[in-house]
Amino acid sequence: MTFESKIRPIQWVNGVSRMLDQTVIPYEYKYIDVTTGQQMFDAIKTMIVRGAPAIGIAGAHGVVLYAQELEKQNLPFEEFKKQLIEKADYMATSRPTAVNLMWACKQQRDIIEKSNSDIKTLIKELTKKAIEIELDDIERCKKIGDNGAEVVPKGATILTHCNAGALATGGYGTALGVVRSAYDKDNTVQVFADETRPRQQGARLTTFELAMDGIPVTLITDGMCSYFMSKGMIDMVCVGADRIAANGDTANKIGTYTVAISAKYHNIPFYIAAPLSTIDTNIKSGKEIPIEERSHEEVTHINGKIICSDKVKVINPGFDVTPNELIAGIITEVGILRAPYEESIKKAFETHQKLLLQ
Ligand code: MRU
């Protein structure tokens, strides 16, 4: 892999978390400094930072920010630890579906619980772990990209949904990491990006970052995918994940399930690309994955303007669950996992326990 993305959506810089404001792309490309734990909680909730691995990194940074604030209160060490654990647990609730957030906050929580040194040393350890999670994610995504590139046919058109790119991770992408690595080997590869209503991550973010890296991308609306599949214009689908159950059922951005059904009907391989930290082995199936319900305004309004009757009822789940039987493979940093997923996931965890930073 030699293809580097220019995008770093979130970085720990001089005691603050510097992040790209993803709510204003593509109109503006601006960084903001998040300096307090509560600001981080709000940045995750309002999707200034978004995408499963990126909010994991944000959660880890957020715990350090809380630690820095608590330090100023001159609390006894045990009281400091108790309050910081409460803050880490609170940070983990800023969004409910992507398990990377809970995973990263738990990494920090474990460090706090085990610490028997002093406040300064503990903050240093938490900062080290936050930076490690951030940098490690980029390396994992590169491995995901390289593993996935192996199954991309020559000259393929890859359909993707939402944004599972550099913007959603430490800076290379999962599904778009596969695209980057494949494009590096074969520059005739191209992408079709679903718009991804209601928040348009596909239109606003995926097209933006691929165009920035010079990778050919065509924007389509969500309802068009079956049409292009029926015309033989899509060779594979590759999307990210917010949480994968032990049986391979996968939660990803709302609309993913529809794409997977259509891909199955048209005999097109449908791949998930995600790091092991997105797999939640504590839950048996997708039925147990909590689905975020978001503000109704995301559906009723576009750019602040209402697009429907103000009396209409609205439901706005942020994610759906694709059943494992629709998934051709789960592309991870340790290889491509295949059905039966209970077995391949279990084996991946047993073999790569060390890689999970636990
Ligand atoms: O609501 P979002 O924008 O955070 O949802 C993001 C997705 O659904 C991504 O596909 C997923 O997090 C994978 S990101 C590598």
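**Exercise 1.** Which of the 19 residues around the ligand come nearest?

*Solution.* The structure is a predicted model. Within the shell of 19 residues, the nearest are Arg50, Ala52, Asp242, Asn252 and Lys253.

**Exercise 2.** Identify polar contacts to oxygen atoms of the ligand, and state how much of the ligand the protein covers.

*Solution.* A pair of N or O atoms counts as a polar contact if the two lie within 3.5 Å.
- Step 1. The side chain of Asn252 places a polar atom 2.6 Å from a ligand oxygen atom.
- Step 2. For Arg95, a polar side-chain atom is 2.8 Å from an oxygen atom of the ligand.
- Step 3. Gly51 contributes through its backbone: an N or O atom there lies 3.0 Å from a ligand oxygen atom.
- Step 4. On its own the ligand has 420 Å² of accessible area, and the protein covers 99% of this.

**Exercise 3.** Describe where the ligand sits and which parts of the chain form its shell.

*Solution.* 
- Step 1. The site of the ligand is the largest cavity.
- Step 2. Two elements each give two or more residues to the shell, namely helix H2 (52-71) and strand S9 (250-253).
- Step 3. In terms of domains, domain 1 (10-140) and domain 2 (142-357) each supply at least three residues to the shell.
- Step 4. By residue class, the shell comprises eight nonpolar, seven polar and four charged residues.

**Exercise 4.** Which residues does the cis peptide bond with omega of about 15° join, and where is the cis bond with omega near -5°?

*Solution.* 
- Step 1. The bond with omega of about 15° joins Ile25 and Pro26. Pro26 belongs to the loop between strand S2 (16-20) and strand S3 (31-34).
- Step 2. The bond with omega near -5° runs from Ala339 to Pro340. Pro340 occupies the loop between strand S16 (335-337) and helix H11 (341-351).

Key: Residues numbered from 1 in each chain as written. Predicted model: local features only at pLDDT ≥ 70, side-chain atom pairs only at ≥ 80, totals over all residues. Heavy atoms only, no water. Near = heavy atom within 4 Å. Polar contact = N/O pair within 3.5 Å; in protein donor to acceptor, adjacent residues only side chain to side chain. Areas by Shrake-Rupley, 256 points an atom, 1.4 Å probe, with all protein chains shown as cover. 1 Å grid on protein atoms, 1.4 Å probe; cavity = no way out; pocket = protein on both sides within 12 Å on 5 of 7 lines; lining within 4 Å. Sits in = over half its atoms within 2 Å of the grid points. Helix = DSSP H or I, 4+ residues; strand = E, 2+ residues; numbered from the N terminus. Nonpolar A, V, L, I, M, F, W, Y, C, P; charged D, E, K, R; others polar. Domains from an automatic or database assignment.
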